Amino acid sequence: MRQEKIRRLVSIALLLVLVIVFGTTSEYFFTTTNILTLLRECSVVGIISVGVSFIIITAGIDLSTGAIVGFTAMICANLLYYTNMPAQMIIVIALLIGTLAGYLNGILVTKLRLPDFIATLSTQFLFRGLALICAIRTSGVITNKVIDNRGILVMGGSISGLYLVTIVFIIVAVLGQIILKKTQLGVYTYATGANRKSAELSGIDTDKVKRSVFTITGFCCGIAAIFLMAKLGSVTPDTGTGLEFEVIAAVVVGGCAFSGGRGDIFGSVIGALFMAILSNGILKYNLPTATQLIVKGSVIVIMVVFDSLYNGYMEKKIREKSKELEELSGGEA
Amino acid sequence: MEAEKLLVMQNIQKSFNDVQVLKSVDLDINVGEVHALMGENGAGKSTLIKILTGVYPKDGGKIIYLGKEREINSRKDAANLGIGVIYQDFSLIPTLSVVQNIMLGKEKNKFGFLESKKMEQHVINLIKEYGFDINPHAIVETLSIAKRQTVEILKALCEESSLIIMDEPTASLSAKESESLFEIINRLRDKGVSILYISHRLEEVFRLADRLTVLRDGRKEAVVEKGEINPPDVIRLMIGKQLSEATASNALKKSTNEVVLKLENLCKKGLFNNVSFEVHKGEILGIGGLVGAGRTEVLRCIYGADPYDSGNIVFEGEPLPNVVNKTIQKGFGLIPEDRRNQGFVPLLSIEKNIVLTNFDKTSKNGVMNAKKEKKLGQEAVKDLDIRPNNPLIPVGNLSGGNQQKAVLGKWLCRDLKVLLIDEPTAGIDIGAKDEIYKIIENLAKDGVAVILVSSDLQELLRVSTRIVVMRKGKVFKEFASGRITQEDILMAASGIQEKEA
């Protein structure tokens, strides 16, 4: 897959540039602590980006991931506050809520035929609103209750330095890549995104594929909610705000084209790392946040421009290829 | 001996919103035959195919496949019976490999995982069995159109199709590529696969088909063996009337000497090289050649839609700017090849589509004048005989021929000097073709210089007053006067200088 290969190289090159720039100018960058912190920082975005990669490969979009994370975390916070549920139970419930929320997106998109953008924009508002409703209040005012459940706080910890969230991110990413490349659902995900009509003519239930990828994303949001909660130690109605755009940016930088049918999880992992290193490095330099935003914006534009340039180049090449063929066979006609 | 019947469709009927599209259609196909289905647009061909492939349910009639009566309610039912379709617009997944495309929807799984090796072997065996030449690992988007079609055929064969339906399969192939498709079709027939072949191109049908069924107006008009009929009779059956000079005189006509447009050594890397020719006032310059010879690209550069690398385009003695807006102001018009995507805006009405190229006439300081727009729309519908004759109907709802008339309408009300036309009648039925030719001929009579790119040799010979043939991005030969045949053009397009006596 040539386009994918070049795109992969470009993403890796960008990542290397960042690593080299920050690595050579800061003694701090290559310390074990910083690397482990970096991996921790990219993991929440990374876990969600695994699901969102599936969605974007089907030529879809999900704007609701941040809100699903916030809503899930808020429900868990309530359970922790008002009940004595064990942590295991809370985790199962979080995964369930995330998955159901993703499934709801899938239903809106496939049963009610809403465009992905509109469906997930509405659920973004919906879940954010619900999070606000069930926010924990003391005499009417939203208060930031600290989570003190040890079982949950353990999730924010590390095993010999490597944070649990990073380990889970790696597992989720590997599983995602296997599903994408080695199973029928994976092939159908590409087929749905690259040419939905044809996929249907081949007997593929693309609605089912769409529902599946939204549900997978919801499940990933559930995982992300647990770890975000554990890391922050508290939940507010704003938890996870803006996360969806970080995720989409990571996926796009990683090589999934908005037009669908291209990209994979490995690329999105690179994208998530890129985003995290950028934030990390810029923070360490005390540069203004504006720098970070501007660099992120520019990189996304460069990537998308690359995609369109590459498509144009590809068309031209095919044209020249057919021309060669005619040239070869011209004499005997 | 009576041939073994693969498919028998009897008395098939179908209505849409009280309009009976199929009144009574019979079709029978023998095992291992190439059967052509002919008929004008609207005769019911596509409806019949859609019933056969389970897209539409039938209102009445019987479908007997392999000796048993069958109900075909979905595309899957059809595939299960062994009916495969090669779609006009290819239905492949561009970013997947040949193997993945062929096996799409029928993957082999073990413990939830794909058995890639097994699927690959299956496809390789299939490629060998039928003697195709294709790399099973190639990504489809890197393949030429003809190769993609091969993948489509393989896909149908992989479903163990005993009947393959091909709808205008040569529409986007070059002559050379069509030849290899014909070889493939013959090989399939030898293997006992039946082909239902739908095409507007009579010479192909006569070359390939063992029998042909002609539909007219939702009824079966005739079923004939190949040897029993000649092309003009088929046309007569299709349209039910004698066509006025359908195979008109092939003599090229002399035109005026006044040069309107002159191309000097026009070059664009990888597309065309040193293209030079002149176009005179009131002539129809036909440009022949194989698909990919660079004809469309030259037209687009003249019109200003694409830039060129070097060379000159001279219009009435002055260099022509390479900007669409300016060429339009100077009296240029383009009828593009890809009508649906480039020719018109489907959701806009006939009137609004025509206004698109005529804002200078219908608006003042950016404010549109509804009265003037209405007048333009009404005139176009009347002059071009667009049916239905309501200028407020969205162009997307018209038939192919009427859509093309609407596209012509965008230019006819302008003070046209040069009209560039690219494959004006692709996929248009014979009756409407005739009307479009008349419109083009009338334009030339009024002094417009017309450049006509066409892959339809009959069309080229019928309409052009002079013909140049392009080959591999160059002007290969010019036919200025005298009698010329389809063979002459094909020879030139294939690069053979002189016919052996």
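Mentor: A helix axis is a line fitted to the C-alpha atoms over the stretch in contact, and angles between N-to-C directions run from 0 to 180 degrees. The model discussed here is predicted.

Trainee: At roughly what angle do the axes of α2(A) and helix α10 of chain A cross, and are the two helices roughly parallel or antiparallel?

Mentor: The axes of α2(A) and α10(A), the latter spanning residues 206–232, come within 8 Å and cross at roughly 175 degrees. Angles over 145 degrees count as roughly antiparallel. The two helices are therefore roughly antiparallel.

Trainee: How many nonpolar residues does the contact of α2(A) with α10(A) contain?

Mentor: The α2(A) side includes A:Val44, A:Ile47, A:Ile48 and A:Phe54, and the α10(A) side includes A:Phe214, A:Phe219, A:Ile223 and A:Phe227. By class, the contact has two polar residues and no charged ones, and the number of nonpolar residues is 17.

Trainee: How are α2(A) and α7(A) oriented to each other, roughly parallel or antiparallel?

Mentor: Helix α2 covers residues 32–57 of chain A and helix α7 covers residues 164–182; their axes come within 8 Å and cross at roughly 30 degrees. Angles under 35 degrees count as roughly parallel. The orientation of α2(A) and α7(A) is therefore roughly parallel.

Trainee: Is the crossing in which α2(A) passes α7(A) left-handed or right-handed, and how many charged residues are in the contact?

Mentor: The crossing of α2(A) past α7(A) is left-handed. Among the residues in contact are A:Leu39, A:Arg40 and A:Ile47 of α2(A), together with A:Val168, A:Phe169 and A:Val172 of α7(A). The residues of this contact comprise nine nonpolar, four polar and, as to charged, one.

Trainee: Is the crossing in which α2(A) passes α12(A) left-handed or right-handed?

Mentor: Helix α12 of chain A, residues 265–284, packs against α2(A) at an angle of about 145 degrees, with the axes 8 Å apart. The crossing of α2(A) past α12(A) is right-handed.

Trainee: How many polar residues has the contact of α2(A) with α12(A)?

Mentor: On α2(A) the residues include A:Glu41, A:Ser49 and A:Ser53, and on α12(A) they include A:Ser268, A:Gly271 and A:Asn280. The contact has 11 nonpolar residues and one charged residue, while its polar residues number seven.

Trainee: Which strands of chain B are the edge strands of the open sheet of four strands?

Mentor: The strand order is β15-β14-β17-β18, with antiparallel pairing. An edge strand pairs on one side only, and in this sheet that applies to β15 (272–280) and β18 (318–319) of chain B.

Trainee: What is the bridge partner of B:Leu261 in β17(B)?

Mentor: Strands β14 (259–268) and β17 (310–315) of chain B are antiparallel partners over five bridges. Within this pair, B:Leu261 is bridged to B:Phe315.

Trainee: Which strands of chain B stand at the edges of the six-stranded open sheet?

Mentor: This sheet has mixed pairing and the order β19-β22-β23-β16-β24-β25. Each edge strand has a single partner, so one side of it is left without a neighbour in the sheet; these strands are β19 (332–335) and β25 (474–479) of chain B.

Trainee: What is the bridge partner of B:Leu334 in β22(B)?

Mentor: Strands β19(B) and β22(B) run parallel and are joined by four bridges. In β22(B), B:Leu334 has as its partner B:Leu420.

Trainee: Which peptide bond of chain B is cis, and which residue there has a positive phi although it is not a glycine?

Mentor: Most residues other than glycine have a negative phi, and most peptide bonds are trans. A cis bond, with omega about -5 degrees, joins B:Arg387 and B:Pro388, and B:Pro388 lies in the loop between α14 and α15 of chain B. In the loop between α5 and β9 of chain B, a positive phi of about 55 degrees belongs to B:Glu160.

Trainee: Where in chain B does pLDDT stay under 50?

Mentor: Chain B averages a pLDDT of 85, with 91% of its residues at 70 or above. Strand β22(B) has the highest mean, 95, and strand β13(B) (residues 251–252) the lowest, 58. The stretch with pLDDT under 50, for which the model has 11 contacts beyond four places in sequence, is residues 242–250.

Trainee: Over which residues of chain A does pLDDT stay under 50?

Mentor: The average pLDDT of chain A is 88, and 94% of its residues score at least 70. The stretch under 50 has seven contacts beyond four places in sequence and covers residues 328–333.

Conventions:
Residues numbered from 1 in each chain as written. Chains lettered and ligands numbered in written order. Predicted model: local features only at pLDDT ≥ 70, side-chain atom pairs only at ≥ 80, totals over all residues. Parallel < 35°, antiparallel > 145°, perpendicular 65-115°, else oblique. Left-handed = near helix turned anticlockwise from the far one by under 90°. Contact = placed C-beta atoms within 7 Å. Nonpolar A, V, L, I, M, F, W, Y, C, P; charged D, E, K, R; others polar. Pairing = 2+ DSSP bridges. pLDDT = per-residue confidence, 0-100.
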